[in-house]
Amino acid sequence: MTILISIFALILSLIIGLFFAYAQNSKLIFLRFFARFYIEIIRGTPLLVQILIFFYVFANNLGFDNRYIVGIFILAIFAGAYVCEIIRAAIESIELEQYETSISLGMSNYQMYRYIIFPQAFKRMLPALTGQFATIIKDSSLLSIISISEFTMNAQEVNAYTYSTLESYIPLAIGYLLLTYPISFYTNRLEKSIK
């Protein structure tokens, strides 16, 4: 369940991050303000507090009973703010000459970002995105607070049944390490192959 929640949260956070990265550079002042407001609120408050507020205030009042969907959505909103900043920083790190060259070649905005800017920015954002994706897997442990039966919740249930704290939390730590290590390993290989 931890893997499934994390995968869906990763995909959704990428979509949210791309949207807000675009919104920050939008010509519409409302979109820019909304993006800044979202990023500051999400990055300025703890995830645990966000989980409790989103679930017990918003989800319950709107009638969403599926804890798993709400949990995925909360994780994606939280991670989306960080992904947005990663994407924005990578795009802004591209030299001004790249933009000028694209314009002088008669490229449209879409072509410029698709063929020139984004491929270069992707290489720069890959290490930070990897760290963020590993963080989502670890942060999914906080969803146990709203009774989502994932890795941490199962360890807590074993602990409550057997009163053996050490025996349930050491495998939990090893389990999270086994989940996050392949992400780092394959990303390092990917980075080397695209250099």
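So, which way does helix 5 pass helix 6, in a right-handed or a left-handed crossing? Right-handed, in this predicted model, meaning the near helix is turned clockwise from the far one by less than a right angle. Quick housekeeping: the model is predicted, so local features need pLDDT of at least 70 and side-chain atom pairs pLDDT 80 or more, while totals for chains, interfaces and linings use all residues. Residues are numbered from 1 along each chain, and side-chain values use heavy atoms, without hydrogens or water.

Okay, the helix pair. Helix 5 is residues 96-104 and helix 6 is 109-139; helices here are DSSP runs of H or I, at least four residues, numbered from the N terminus. They pack at about 165°, axes 10 Å apart, with axes fitted to C-alpha atoms over the stretch in contact and angles running from 0 to 180 degrees between N-to-C directions. That makes helix 5 roughly antiparallel to helix 6, the label for angles over 145 degrees.

Who touches whom? On helix 5 we have Gln98, Tyr99, Ser102 and Ile103, meeting Met112, Tyr113, Ile116, Ile117 and Gln120 on helix 6, with contact being heavy atoms within 4.5 Å. By class, that's six nonpolar, three polar and no charged residues.

Now the largest pocket. Its lining has 15 residues, and Ala21, Tyr22, Asn25, Ile91 and Tyr113 lie nearest the centre; lining means an atom within 4 Å of a pocket point. Helix 1 (2-24), helix 4 (67-92) and helix 6 each supply at least two lining residues, and helix 6 gives the most, five. Tyr113, then, turns up both in the helix 5 contact and by the pocket centre.

Note on methods
Parallel < 35°, antiparallel > 145°, perpendicular 65-115°, else oblique. Nonpolar A, V, L, I, M, F, W, Y, C, P; charged D, E, K, R; others polar. 1 Å grid on protein atoms, 1.4 Å probe; cavity = no way out; pocket = protein on both sides within 12 Å on 5 of 7 lines; lining within 4 Å.
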